[in-house]
Amino acid sequence: MDEHPRRAPRKAPRRRTAAFGAVAAALALAAPAANAPAANAAPDPGGGLGRYYHQRLHWGSCAKGPGDEQGRELDEAGARCAGVTVPLDYAEPGGQTLRVAISRLKASDQRHRIGTLLLNNGGPGGPTLDAPPAIRKAMKETGARYDLIGMDPRFVGRSTPLDCGWPVSTAVSSAGRSRAGFDRQVARQRDLADRCRATNAAVLPHVSTRNTARDMDVIRGALGEEKLSYLGYSYGTYLGTVYTQMFPGRYDRVVLDGALDPARYQPRILRGAEPENERALADWAAWAARRHGTYGLGRTRAQVLATVDRIVAKSARGLTLGTGAEVFRIDASHVPFLLVEGLADDSGAARAALGETVSALAGAAAGRPVRPSERLAALLRYATTGVDSAAGSAQTAILCGDVAAPRDPESYWRDIQRARARHPLLGPLTRNISPCAFWDRPRERPTRVLRGAPALIVAATGDPRAPYKGSVALRHRLPGSRLLTLKGAGRHGLYAEYGNTCVDDHVNAYLATGELPAKDPVCVKRP
């Protein structure tokens, strides 16, 4: 699960194909250079950064070996891959460097080529190297007019990946139902922070959205483009917004799908989204009630929600799922995460997946042997083991490196207790303490949105992950932008994924012409 999922819970956790190693060992040394820019300044290619902006990229096969399925699929789609060298610390461009992995699917209609469109799938910490083929298809005839760039951001996937060696794959969990549960969370989150500091202390200060935005601009220069166009989802909307503020004049067309309000961006990124997730849970419960014969969770919405409440109560004493060699033991810190994981999509397939999850949890709560589905087993591994430690490590490092978190554990406990009265299931999850409480302070202040940008913001009115009010707020913070609304949908991430023709056509028209609608357009979810 991503702290702010467009990735998981929006999608099941994904396995990376790149091998993970210590970040420090992968850093390359460069000759010192003078006149480094201030850390908050937008890099000037004349300030010691010229060699990065003007580097020659070496394009080749995306496949790293016979078992690299992602690379093979990119190769088959006609994409090529390269590594872009960027400074670890933009204030010291002559120091250590990183390699940022990118893929490129070149425009096939060179005669009518528009430019380069860089993609970001969100997260934070979501790899995007593999995205160009699917986006090319969704763009229809317009896709042939762009070079599409996938990028694994710094410290993610193939881009000098960061891995703290965690015993779990995510820091996201609930404080549970008691003070003792919260105290265990304090110890757990402190331990996760300590593991990152012990393994990656030298690079943690340089893991941030602002540095990723700087990397994007180096990529722009290395590609020989005066301007970048951009498509970002979820956290990727924050990254895109930051880029417009740091590099005005260096972007063309910008699409921000499932947007965050930059003023509310913080490590506990789901804090305040409890009502939207509760509505999504209630809507799912009504759906499941109509399918009692399949899931056995209750014949009415109220009965299904009562089943959920019983599962949560039973989990305080522990639940066991699995048989044979793989057995998962979970508790009240895991169950809310497993439930929320399935709420970011109101499609039938996603609701069925959540139905299978809740049915399995209900069986475990009743003391019956439960063999989880392949999907649920993968999610349980993600929540309870370090199978994808790198995912949680990078995501947490970005969040902690962007905005300082409160330090006093008691402030979190008070916040949880206040929220628990109104949001008993979700409050202890969204308000819980995180490793950021024990992280070193960020080197830079959060980016302030002071400039307008002619972006197209895309949002569903029922988005549980990035509530619609955040997209409305961003619309007002970016004069010159437009807000494309999809009414009646409870989905996080729309363009190219939800199948709404109205939304896709509006986005494609903007990417084709560069002209925003005269007014904020509204689409309606199909029955």
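**View 1. An aromatic cluster of three tyrosines.** Tyr 235, Tyr 238 and Tyr 265 form one aromatic cluster. Rings of Phe, Tyr and Trp (its six-membered ring) pair if their centres lie within 6.5 Å; planes under 30 degrees apart count as stacked, over 60 as edge-to-face and the rest as tilted. The model is predicted: local features need pLDDT of at least 70 and side-chain atom pairs pLDDT 80 or more, while totals for chains, interfaces and linings use all residues. Residues are numbered from 1 along each chain as its sequence is written, and side-chain values use heavy atoms, without hydrogens and water.

**View 2. The pair of Trp 287 and Tyr 295.** By the ring rule there are six aromatic pairs. Trp 287 and Tyr 295 make a tilted one, 5.7 Å centre to centre with 40 degrees between the planes. Both Trp 287 and Tyr 295 are buried (under 20% relative accessible area, with a 1.4 Å probe and protein chains only).

**View 3. Helix H18, residues 501–513.** Helices are DSSP runs of H or I, at least four residues, numbered from the N terminus. Val 503, Asp 504, Val 507, Asn 508, Tyr 510 and Leu 511 are buried in H18. Down the axis of H18 these buried residues fall within an arc of 160 degrees, so they line one face of the helix; the arc is taken from the directions from the helix axis to the C-beta atoms.

**View 4. The ends of H18.** At the N-terminal end, Asn 500 caps H18, with a side-chain oxygen 3.2 Å from the backbone nitrogen of Cys 502. After H18 comes Gly 514, with a positive phi near 80 degrees.

Notes
Helix = DSSP H or I, 4+ residues; strand = E, 2+ residues; numbered from the N terminus. Expected span 1.5 Å × (residues − 1). Buried < 20%, exposed > 50% of the residue type's maximum accessible area, 1.4 Å probe, protein only. Polar contact = N/O pair within 3.5 Å; in protein donor to acceptor, adjacent residues only side chain to side chain.
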